[in-house]
Amino acid sequence: MADSLGLVTFKIPLPLPAVEVGFAWRPRHDADAAHARLRGCVRELMNEVSAG
């Protein structure tokens, strides 16, 4: 995707600590199917990234 946007990527030349990511949303969105789907997609992508 970076290439299609004209971006250049590179490895960071120093070790970085892991970052904890959390989700927060208004309780009224708990039962919203579209919001639940979005949360699931983000969770899946973050799991893929953390797995390498």
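Analyst: Accessible areas come from the Shrake-Rupley method with a 1.4 Å probe, and for residues, only the protein chains shown count as cover. For this protein, the accessible surface comes to about 5200 Å², and carbon and sulfur atoms hold 62% of that. The model is a predicted one, where local features need pLDDT of at least 70 and side-chain atom pairs count only at pLDDT 80 or more, while totals for chains, interfaces and linings use all residues. Residues are numbered from 1 along each chain as its sequence is written, and side-chain values use heavy atoms, with hydrogens and water left out.

User: What share of the 52 residues is buried?

Analyst: A residue is buried under 20% relative accessible area, exposed over 50% and partly exposed in between (1.4 Å probe, protein chains only). Here buried residues make up 4% of the 52.

User: Is T9 buried or exposed?

Analyst: T9 counts as exposed because its relative accessible area is 64%. D3 is also exposed, at 73%, while A36 is partly exposed, at 32%.

User: How many helices and strands does the protein have?

Analyst: Both are DSSP runs numbered from the N terminus: helices are H or I with at least four residues, strands are E with at least two. This protein has one helix and zero strands. Helix 1 covers residues 33-51, which makes 19 residues. From first C-alpha to last, helix 1 reaches 27 Å, close to the expected 27 Å (1.5 Å times one less than its number of residues).

User: Which side chain reaches to the backbone nitrogen of A34?

Analyst: Look at D32, at the start of helix 1: one of its side-chain oxygens comes within 2.9 Å of that nitrogen.

User: Which residue lies over the face of W25?

Analyst: A charge sits over a ring if NZ of Lys or CZ of Arg is within 6 Å of the ring centre and within 35 degrees of the ring normal. R39 lies over W25, 4.2 Å from the ring centre. The charged end of R43 sits over the ring of F23, 5.5 Å from its centre.

Note on methods
A polar contact is a pair of N or O atoms within 3.5 Å; within protein, one must be able to donate a hydrogen and the other to accept it, and residues adjacent in sequence count only if both atoms are side-chain atoms.
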